[in-house]
Amino acid sequence: MTDRALVLFSGGQDSATCLAWALARYQHVETVGFAYGQRHAIELGCRETLRQGMAGIADWGGRLGPDHMVDMTSAMAAVGQTALTSETEIATTGEGLPNTFVPGRNLLFLTYAAAIAYRRGLRRIVAGVCETDYSGYPDCRDDTVKAMQLALNLGMQRRFVLETPLMWRDKSATWALAKTLGGDTLVELIRTESHSCYLGDRTVLHAWGYGCGTCPACQLRRSGWERWSEERT
Ligand code: ZN
C-alpha cells in the first residue's frame with residue numbers, strides 16, 4: 001500500500017508534473033480530476049492526452065492506473081460565484097485575495113481524494129499545490145496541507161501521506177523537475193498538452209504553451225518558462 005498513490009490531476013502544468021513525479025516513484029498511480037464549473041474546463045480535456053503521453057515514457061505505462069472524475073459543479077455553484085467559474089473580470093479583492101479564489105476548494109479536493117484513496121487502498125495523495133509562486137490562495141499553504149493530513153488521518157482512521165513535490169519550487173524549477181523526470185519528451189508533452197490559462201484559450205502555441213498570455217496563470221507560466229530557458233543557456 002505504501003507504493004500506491006493518487007494524484008490530484010487537473011491537466012495543468014503543476015499537476016502534470018506531479019503525475020510524472022509519482023509515476024517515477026510509485027508502482028501504482030491513479031488520478032482524480034474535479035469538474036467544478038471552471039471556465040477553463042478545457043483543462044479537463046487535456047487530462048487524457050497527458051495520461052496517454054506519460055504512459056509511453058519509461059515503464060510508466062505499467063504503473064498508471066484508472067482515472068477518477070468527481071463532478072462538483074452544482075455543489076460549487078451553490079457556494080457562489082468567483083472569477084474562475086463565471087465571466088467576472090479577474091482582479092484582486094479587498095482582502096488581497098485574487099477573485100479567482102474558490103473558498104476552501106483544495107480542502108474539498110483533498111477530502112474527496114482521500115475518500116477515493118481510502119476505497120482504492122492508496123496511501124499517498126499527491127497534490128501540486130505550491131507556496132513559492134503563491135497566488136494568495138491560503139489553501140495552498142504547507143501548513144494547510146499538513147493540517148489536512150492530520151484531519152484526514154484522524155477522520156478516516158488511515159495513515160495517508162499528503163505529498164506536495166512542488167511546494168517549495170517555483171515555475172522555473174517545475175520545468176527543471178519535468179526535464180529530470182522524463183527528459184525532453186515529458187517537457188514537450190507538458191508544454192503542448194497541459195493547460196493553465198484561466199480563460200481557456202488554446203488558439204496560439206507560444207514557447208511556453210497555449211494560453212491568452214495575459215491572465216495571471218499565463219503570466220506565471222510564461223515567466224517560469226522564460227527563467228528556465230535562460231538558466232539552461
Ligand atoms: Zn491566460
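User: Where does arginine 158 lie relative to tyrosine 118?
Analyst: In this predicted model, arginine 158 lies over the face of tyrosine 118, 3.9 Å from the ring centre. A charge sits over a ring if NZ of Lys or CZ of Arg is within 6 Å of the ring centre and within 35 degrees of the ring normal.

User: What should I know about the numbering and the values?
Analyst: Residues are numbered from 1 along each chain as its sequence is written, and side-chain values use heavy atoms, with hydrogens and water left out. Local features need pLDDT of at least 70 and side-chain atom pairs count only at pLDDT 80 or more, while totals for chains, interfaces and linings use all residues.

User: How many aromatic pairs are there?
Analyst: The structure holds six. Rings of Phe, Tyr and Trp (its six-membered ring) pair if their centres lie within 6.5 Å; planes under 30 degrees apart count as stacked, over 60 as edge-to-face and the rest as tilted. One of the pairs is phenylalanine 34 with phenylalanine 109, which is stacked at 4.2 Å centre to centre, with 5 degrees between the planes.

User: Where are those two in the chain?
Analyst: Phenylalanine 34 is in strand β2 (residues 28–35) and phenylalanine 109 in helix α4 (residues 105–120), 75 residues apart. Helices (H or I, at least four residues) and strands (E, at least two) are DSSP runs, numbered from the N terminus.

User: Is phenylalanine 34 buried or exposed?
Analyst: Phenylalanine 34 is buried, with a relative accessible area of 6%. Buried means under 20% relative accessible area, exposed over 50%, partly exposed in between (1.4 Å probe, protein chains only).
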